[in-house]
Amino acid sequence: MAAEQSLQGYIQHHLTNAKMCTTDSGIAFNKACSEAGFWTWHVDTLAWSVLLGLVFIWIFKSAANKATTGVPGKLQCFVEMIVEFVDSNVKDTFHGKSKLIAPLALTIFVWVFLMNLMDLIPVDFLPFAAGQIGAATMGMDPHDVYMKVVPTTDLNLTAALALGVFVLIIFYSIRTKGILGFVKELTLHPFSAKNPFVQALLIPVNFVMEFITLVARPISLALRLHGNLFAGELIFIIIAAIGMFQLPLHFIWAVFHILVIVLQAFVFMMLTIVYLSMAASDSH
């Protein structure tokens, strides 16, 4: 029973975010934020996502600064391959006109990929280092120091990404169809009738169906990315908790999980392009 509780505690510790909040006595962290409610910051998710965003900018800026029309270097070739890959998918999928879509798709693909890639770091490495730093600098118990290093395993982050896409969906819908056209799209489809009275009766039904369809898009984006990465991280944690045969099992799962890491970044990018293309289309 003790071993089982220890295993449960180990898994729970690795699945807990480092939290920061404000209380009546000032700024508080982790367990002191248990009653803080909505206004709790997951500082590890914020820090790692911002850091990886800066890494993305630095890599691509370095490649741009060193770009040459002659024989390209390895970094330039790598970046050009990614840019061409994303650009071809945008041209094949997005049928409207916008200078934002290609840079947005590139940012989503690379940034989400980098955040997913953190899943391949051994699960004990960075949390252990954070615990030791907390103990050495602030006298904290290492078990009270939390560190989740895969931002996309945090539903708050994937929901924030999806919310940004949702805002763009609304923006492109209104820009293309106008406010009145957008309202008509939500109320006059999929059921219509020539009789005005019957059409008026169908408006609430149409609105409920179209609104659910509209809201389901960002929700599916957030849950799909979170669910796949959270499940993968959980398996890594369970493998680490086993102890025996940890490295061989970790390697086998990591090789398979690389496909998930790339695929989920690609899927998030492609669905974003598809949803924005549908929003920017003149036809329903």
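Start by selecting A130: this residue is buried, with a relative accessible area of 14% (buried means under 20%, exposed over 50% and partly exposed in between, using a 1.4 Å probe and protein chains only). You are looking at a predicted model, where local features need pLDDT of at least 70, side-chain atom pairs count only at pLDDT 80 or more, and totals for chains, interfaces and linings use all residues. Residues are numbered from 1 along each chain as its sequence is written, and side-chain values use heavy atoms, leaving out hydrogens and water.

Now colour helix α5, residues 125-138, which holds A130 (helices are DSSP runs of H or I with at least four residues, strands are E runs of at least two, and both are numbered from the N terminus). Next, show V145 and M147: A130 touches both, leaving aside residues up to four places away in sequence (contact means heavy atoms within 4.5 Å). M147 is 17 residues from A130 along the chain, and their C-alpha atoms are separated by 6.8 Å.

Move on to the open sheet, whose three strands follow the order β2-β1-β3 with antiparallel pairing (two strands pair if DSSP finds at least two bridges between them). Its edge strands, β2 (26-29) and β3 (41-42), each pair on one side only. Select β1, residues 19-23, to see the strand that four bridges join to β2. Which residue in β2 does T23 stand opposite? It is G26.

Finish with helices α3 (residues 74-93) and α4 (residues 101-117). Among the residues that meet here are F85 and V86 in α3 and L106 and F109 in α4.

Note on methods: Axes fitted to C-alpha atoms, helices over the stretch in contact; angles between N-to-C directions.
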